[in-house]
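Here's a quick briefing on charges, rings and surface patches.

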Amino acid sequence: MMKKNANWPIEKISFEVVFFVTVLFLTVLHQWIASNTFGYFFSPVLFFIVVYLQAQLYQYIALPSLINKKYVQFGSITIVYLLLLVLVFSGLNRYWPNQTYHHGERKTIKFIIYYVSTCVISSIFIIFLALIRQYYQALEKRTRDQLLLNEMNTKLLHYQLNPHFFFNMFNNLYGVSLTHPERIPELILQLSNLMRYPLEKGNNAAVSIKEELEYIKTYVNIEKERSGKRCKITLNLPNDKESISHYQIAPLLLITLVENAFKHSAGSLNEWFVKLHFEVNANEFKVDISNSLPETPIKKESLGMGLSNIRKRLDLLYSEHYTFEIYQLDSEYRTILTIQLNAL
């Protein structure tokens with residue numbers, strides 16, 4: 001459940017203070033400077049109260065129509081409101097403090113024009129501030145919703161990935177048990193280490209590259225046991241242990257690429273290969289994986305869910321801070337992933 005914004009009361013008070021001070025300076029400062037009697041002092045204060053209250057009332061009445069894009073209704077409300085202001089200040093002119101200042105028909109008209117104009121300006125100002133405030137509230141809400149959606153999608157992709165991966169691994173164990181049952185205990189121990197990693201690290205926002213590569217290394221060892229001498233496996237890991245311990249990456253991001261390399265290189269009548277190359281260079285993490293293809297062409301849909309999940313996760317987590325290239329030749333399949341390490 002999303003928490004309510006604790007800063008909302010403070011933001012609302014700040015908004016009211018800004019409006020209060022602005023209208024105060026707009027309406028009374030010049031009259032206070034020229035004041036020499038109590039009447040001159042009291043009249044601006046009284047008018048400021050009237051301006052402030054009418055602006056709040058206008059916002060309450062007119063703003064919903066403007067937000068809901070009911071422009072005809074908004075215009076009608078505004079016209080009626082202006083007429084009411086003229087009538088109100090025509091009546092107030094008779095009882096306004098310091099009447100000698102407003103004495104005479106010409107000064108009465110100026111009085112009405114000045115104060116009605118001031119009310120209109122203050123109302124426009126408060127509507128403008130209210131629209132800005134609502135815009136940023138809506139923007140903040142969309143941002144929170146997008147982050148929540150990203151988090152939900154990432155977790156969903158994790159749940160899709162892990163069952164898919166372990167389903168394949170149990171199939172591998174079954175195949176080994178038919179030919180070399182004595183190797184099963186060690187393989188089960190290694191598989192348990194593989195299962196522990198997603199449980200412990202899968203929900204983390206990030207893990208060190210070293211942890212992720214240790215996980216990959218364990219998986220590759222299991223594949224070596226399964227394939228024996230039929231597959232030539234090359235695994236190149238970064239030499240700089242400090243760098244891969246320092247830099248972080250999203251967990252369980254690479255396993256699908258590695259898994260696909262083994263899965264789709266199998267089935268060849270000739271010797272087949274898998275080459276895995278990982279390097280850290282200039283704040284970039286590069287993954288270069290290639291594998292041989294069997295004589296029977298692979299159907300594109302057979303690559304399926306794994307690569308689709310990787311693309312989605314990369315988009316969610318790294319946005320534009322990565323490149324993901326796929327090359328398929330007649331006898332070789334290659335994927336190259338480059339991630340900016342400071343982008344997560």
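Helices (H or I, at least four residues) and strands (E, at least two) are DSSP runs, numbered from the N terminus. The model is predicted, so to speak of local features takes pLDDT of at least 70 and side-chain atom pairs count only at pLDDT 80 or more, while totals for chains, interfaces and linings use all residues. Residues are numbered from 1 along each chain as its sequence is written, and side-chain values use heavy atoms, with hydrogens and water left out.

**Surface patches**

- Patches take residues with over 30% relative accessible area and no salt bridge, joining like charges within 9 Å and nonpolar side chains (Val, Leu, Ile, Met, Phe, Trp, Tyr) within 5 Å.
- Lys210, Lys217, Lys224 and Lys241 make up a positive patch; Lys and Arg count as positive, Asp and Glu as negative, and His and the chain ends are not counted. A charge is placed at NZ of Lys, CZ of Arg, CG of Asp or CD of Glu.
- Helix H6 (residues 209-227) supplies the largest share of that patch, three residues.
- Lys224 sits in helix H6 and is partly exposed at 40% relative accessible area (buried is under 20%, exposed over 50%, partly exposed in between, with a 1.4 Å probe and protein chains only).
- There's also a nonpolar patch of Phe128, Ile132, Tyr135, Tyr136 and Leu139, with about 500 Å² of accessible area together (Shrake-Rupley method, 1.4 Å probe, only the protein chains shown counting as cover for residues).
- Phe128 belongs to helix H4 (residues 105-179).

**Aromatic pairs**

- Five aromatic pairs turn up, the rule being Phe, Tyr and Trp rings (six-membered ring for Trp) with centres within 6.5 Å; planes under 30 degrees apart are stacked, over 60 edge-to-face and the rest tilted.
- One of them is edge-to-face: Tyr135 with Tyr136, 5.2 Å centre to centre and 80 degrees between the planes.
- Phe278 and Phe285 are stacked, at 6.4 Å and 15 degrees. Phe278 is buried at 1% relative accessibility, and Phe285 is buried with a relative accessible area of 1%.

**Salt bridges**

- The whole structure has two salt bridges, meaning a side-chain nitrogen of Lys or Arg within 4 Å of a carboxyl oxygen of Asp or Glu.
- Glu211 pairs with Lys201, with the closest N and O atoms 3.0 Å apart. Glu211 is in helix H6 and Lys201 in helix H5 (residues 184-201), so the bridge ties together parts 10 residues apart in sequence.
- Asp288 and Arg334 meet at 2.6 Å, N to O. This pair links distant parts of the chain, strand S5 (residues 284-292) and strand S7 (residues 332-340), 46 residues apart.
- Asp288 is buried at 13% relative accessibility, whereas Arg334 is partly exposed at 32%.
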